[in-house]
Amino acid sequence: MKKDFYEILGTTKSASEAEIKKAYRKKAIEFHPDKNPGDKAAEENFKKCAEAYEILSDPQKKQKYDQYGHQAFEAGNGGGGFQGGGMNMEDIFSQFGDIFGGGGFGGFGGNSGGQRRAKGSNLRIKVKLTLSEIANGVEKKVKVKRKIQAPGVRYKTCSTCNGQGQVMRVTNTILGRMQSASTCPTCGGAGQIIESKPANADSQGMLLEDETVSIKIPAGVVDGMQLKVSSKGNDAPGNGIPGDLIVAIEEQEHEFLKREGENLHYDLYISYPEAILGASKDIDAVNGKVRIKLEEGIQSGKILRLKGKGIPSLNSYGNGDLLVHINVWTPKTLSKEQRQFFEKSINDDNFTPHPEKTDKSFFEKVKDMFS
């Protein structure tokens with residue numbers, strides 16, 4: 001069963017006409033096809049919002065909807081829905097003259113005035129990045145196989161939809177006769193069909209070719225993030241526009257560094273003599289080695305924070321930090337002399353733990369780490 005219209009717009013039955021209008025405007029901006037090119041889910045949500053607004057903005061239709069409920073509404077329409085409020089995409093965009101105050105949509109909806117051009121399918125690839133590449137940003141060149149229009153292919157206007165890419169149908173519903181649009185079955189929404197094509201082209205007049213695409217990846221991306229390279233997907237038949245290349249980021253694990261957002265963690269193991277006497281140590285940072293100084297008597301579990309040595313923020317809010325976790329390494333075997341030394345020291349007050357109030361517990365350190 002479809003979502004209730006109030007739920008789709010994020011409002012309630014008690015909402016006023018102005019509140020319904022405001023809710024629809026917000027949802028329409030969020031899911032507008034020109035703001036989410038190639039995103040079928042966003043387009044479907046966009047149509048559902050238009051469907052909901054068409055009913056709830058009309059006092060008579062709203063009254064019937066409130067009286068009979070959503071189940072009765074669906075039953076009256078044969079359970080098929082309205083495909084965007086019983087309107088095609090042009091009809092939906094025509095609502096914006098009222099919703100957005102005179103025909104504009106904040107720079108979107110550039111195709112709302114006429115035939116909507118078909119768009120080619122998107123391509124998807126994965127790009128593996130090292131932590132250093134993520135920290136500094138990188139330009140990658142990748143080879144993709146994409147469909148392009150074959151030279152010499154000719155198209156003609158589809159006679160089924162007259163070049164609109166959609167066919168209309170009228171259904172009787174509980175709210176009256178409603179008109180809805182669906183993709184043209186003959187041309188698949190392209191508005192054109194092939195008149196002639198080269199022998200080596202496929203049924204849509206396309207050829208599969210390799211192309212090297214340059215991808216600029218900004219610093220601070222995260223594993224699983226998707227970037228879009230416009231117009232580097234498959235071509236669309238006829239006068240359509242190419243799809244996009246969707247690039248999924250895959251972060252390669254670093255040998256020593258662990259990432260947590262923009263911060264990096266490094267486990268530094270030191271010996272008892274180094275912990276007692278202090279030492280200078282070279283550690284791995286994202287852009288090479290960094291030397292740090294350990295004070296005498298440093299405790300296991302202490303965390304040293306190196307400001308700005310982490311990953312840059314994707315939103316240009318500066319760099320994260322490098323957190324160095326001190327671990328005092330306990331030897332598993334001792335020589336006779338070493339064992340005698342520690343046996344003599346076991347009751348030595350200097351070797352008895354005397355934690356100071358400023359020494360934080362393990363749980364306090366974990367709390368600080370995530371605060």
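How exposed is E43, in terms of relative accessible area? I looked this up as my opening entry. E43 is partly exposed, and its relative accessible area is 23%. I note here that the model is predicted.

**Entry: the partner of E43**

I followed the side chain of E43 and found that it meets the side chain of K47 in a salt bridge, with 3.8 Å from N to O. I then checked where the two residues sit. Both belong to helix α3, which covers residues 40-56. They are four residues apart there, about one turn of the helix. I also looked up K47, which is buried at a relative accessible area of 13%.

**Entry: salt bridges in total**

How many salt bridges does the structure hold? I counted through the list and noted 16. As background I wrote down that side chains of opposite charge can pair when their charged atoms come close.

**Entry: D244 and K119**

I went to another pair, D244 and K119, whose closest N and O atoms are 3.0 Å apart in a salt bridge. Is D244 buried or exposed? I found D244 buried, with a relative accessible area of 3%. K119 is partly exposed, at 29%.

**Entry: D321 and K307**

I looked up the side chains of D321 and K307, which meet in a salt bridge of 3.9 Å, N to O. D321 and K307 both lie in the loop between β14 (303-306) and β15 (322-328), 14 residues apart. I noted the accessible area on each side of the pair. D321 is buried, with a relative accessible area of 9%, whereas K307 is exposed, with 65%.

**Entry: a network**

Which residues are linked in a network of salt bridges? I wrote down R146, E211, K232 and D235.

**Entry: strand β1**

I turned to β1 and sorted its residues by face. The covered face has L123, I125, V127 and L129. On the uncovered face I listed R124, K126 and K128.

In what sense do β1 and β9 pair? I found the parallel sense, over seven bridges. I also looked for what stands opposite L129, and noted E251 in β9.

Conventions:
Residues are numbered from 1 along each chain as its sequence is written. This is a predicted model: local features need pLDDT of at least 70, side-chain atom pairs count only at pLDDT 80 or more; totals for chains, interfaces and linings use all residues. Side-chain values use heavy atoms; hydrogens and water are left out. A salt bridge is a side-chain nitrogen of Lys or Arg within 4 Å of a carboxyl oxygen of Asp or Glu. Helices (H or I, at least four residues) and strands (E, at least two) are DSSP runs, numbered from the N terminus. Buried means under 20% relative accessible area, exposed over 50%, partly exposed in between (1.4 Å probe, protein chains only). Two strands pair if DSSP finds at least two bridges between them.
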